[in-house]
Amino acid sequence: MQAKQFPTDFLWGGATAANQFEGGWQDGGRGPATSDTAVAIDPKDRKTALDFTAPMSKEKVLAALNDAEGRYPKRWGSDFYHRYKEDIALYAEMGLKTFRLSIAWSRIFPNGDDAAPNEAGLQFYDAVFDELRKYNIEPLVTLSHYETPIGIALNYGGWQNRAVIDLFVKYAKTVITRYQDKVKYWLTFNEINVIGVSGYVGGALLSDDDAYTLQDRFQAAHHQFVASSLVTQFAHELNPDLKIGMMLARMQAYPATPNPLDVLQALKLDHENLFYSDVQVRGKYPAYAKRFFAENGINLQMAPSDEAILAANPVDFMSFSYYMSTVARHEPGANVEKTSGNFVNGEANPYLESSDWGWQIDSVGLRITLNYLYDRYQVPLFVVENGLGALDTVTADGQIHDEYRIDYVKQHIQQMYEAIQDGVELLGYTTWGITDLVSAGTSEFSKRYGFVYVDMDDQGQGTFDRRRKDSFYWYQHVIATRGAAAFD
Ligand code: BG6
């Protein structure tokens, strides 16, 4: 029988983000970012989402930045800033074709609105991209991944302020121009839909209570859409070979029952989720959103040219994170079991198992979602995050036997293969947190996704030394066999 293999140009890779991986928060002239205010909390119950989505006020931000006692793990991440050569050598050894990272905006413009970029920050990424090029690893770069310069929050009130469009575009033009010969694939905003659940993380919005209004959130999203389109336009004019993608936290919703009202609820949840990709891939606001705005008193302030800018500059490809699916029910069921998930808690699906954090594992859902998105948009897709956050144990002889993680990734690779056979155009796959890093949602270090282990704990104790897990060797074999080893 013929081996099941992925296309020769399939981009096998791993993903990270500066705010959780890079560290060096005060090195090389970097300014503080929104992620630097995320304090570590000792989790009492892993299945309870912590305060990722909590609002932040100006006072809380300033208190966090002046707090000498608390632990802020995203400030040191996994110390990639000082260890990038070692990390990239490990990726080369694994055989990665691509490596997803983000540029910390505040490393380039420390206050967000500086007149000139910080040359030391630019040189850091030059060195990283050169190191990747040495091994023929294609960088995949996110321009904004939860690490907005704090000055944008404190002095502008975040993305609801239209002035931030120009600041972001200036930053993006600076780095795209500088790295155009080193980086071909760019993503503008990580999980752009996160603005719907966390105004601070997604849009650097400030609030004394949970009073980010829908108006504020959608206004901020509108500004991000326009900024993303302006960046796409600029990149294409600069160099037509550059590919710009949007990035969505994909939530595949299943109706809880065949009751048409549950099916309708699933459609509504899908609209909430796909609103962002509808705008960025199709280049215009969908009709269902206009109805929602009208019924909820949302009145987007647009400049006269905004709609034309969106229409003229849709993205080249769609990328997304996929960790789980969700269940939709039109009436909250009194006796249904609940589970937690990426940003949202919801109803448990009795057909699925869960991770230690309650995220339900659904590899078939990845095939469904790939088909669904490709049917809808007909643009190349890229799975830029997927993986299992789990507690790992180091054995006495220094090994990490993470067969649970191998099993998770294997199932998802099998389903991606099926989706490609279904006709989906899939550019690649970057597993989340290829090297252990700080959790976005809980700021824990013990929620590990990596194929490379990092010696660090939740208390901030450890050497940052790296070790290869069993999954490291397994993924190496998968890449070398173009996916065939995922069917062994
Ligand atoms: C995605 C984010 O939502 O999920 C990542 O883009 C994040 O930044 C990942 O780390 C996993 O979530 P968590 O909370 O387990 O780190």
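Contact here means heavy atoms within 4.5 Å. Helices (H or I, at least four residues) and strands (E, at least two) are DSSP runs, numbered from the N terminus.

Before the details, two notes. This is a predicted model, where local features need pLDDT of at least 70, side-chain atom pairs count only at pLDDT 80 or more, and totals for chains, interfaces and linings use all residues. Residues are numbered from 1 along each chain as its sequence is written, and side-chain values use heavy atoms, with hydrogens and water left out.

I will start with helix α7, residues 163-179. Several α7 residues are buried, including V164, F168 and Y179; buried means under 20% relative accessible area, with a 1.4 Å probe and protein chains only. What do the buried residues of α7 pack against? The partners include α5 (119-134), β3 (138-144) and α9 (214-238).

Strand β3 contains S144. This serine, S144, is buried, at a relative accessible area of 8%. Beyond its neighbours within four places in sequence, S144 is in contact with F168, T188, F189 and N190. S144 and N190 are 46 residues apart in sequence, yet 6.1 Å apart in space, C-alpha to C-alpha.

Now the ligand. For Y449, a side-chain N or O atom is 2.5 Å from an oxygen atom of the ligand.

Methods: Polar contact = N/O pair within 3.5 Å; in protein donor to acceptor, adjacent residues only side chain to side chain. Expected span 1.5 Å × (residues − 1). Buried < 20%, exposed > 50% of the residue type's maximum accessible area, 1.4 Å probe, protein only.
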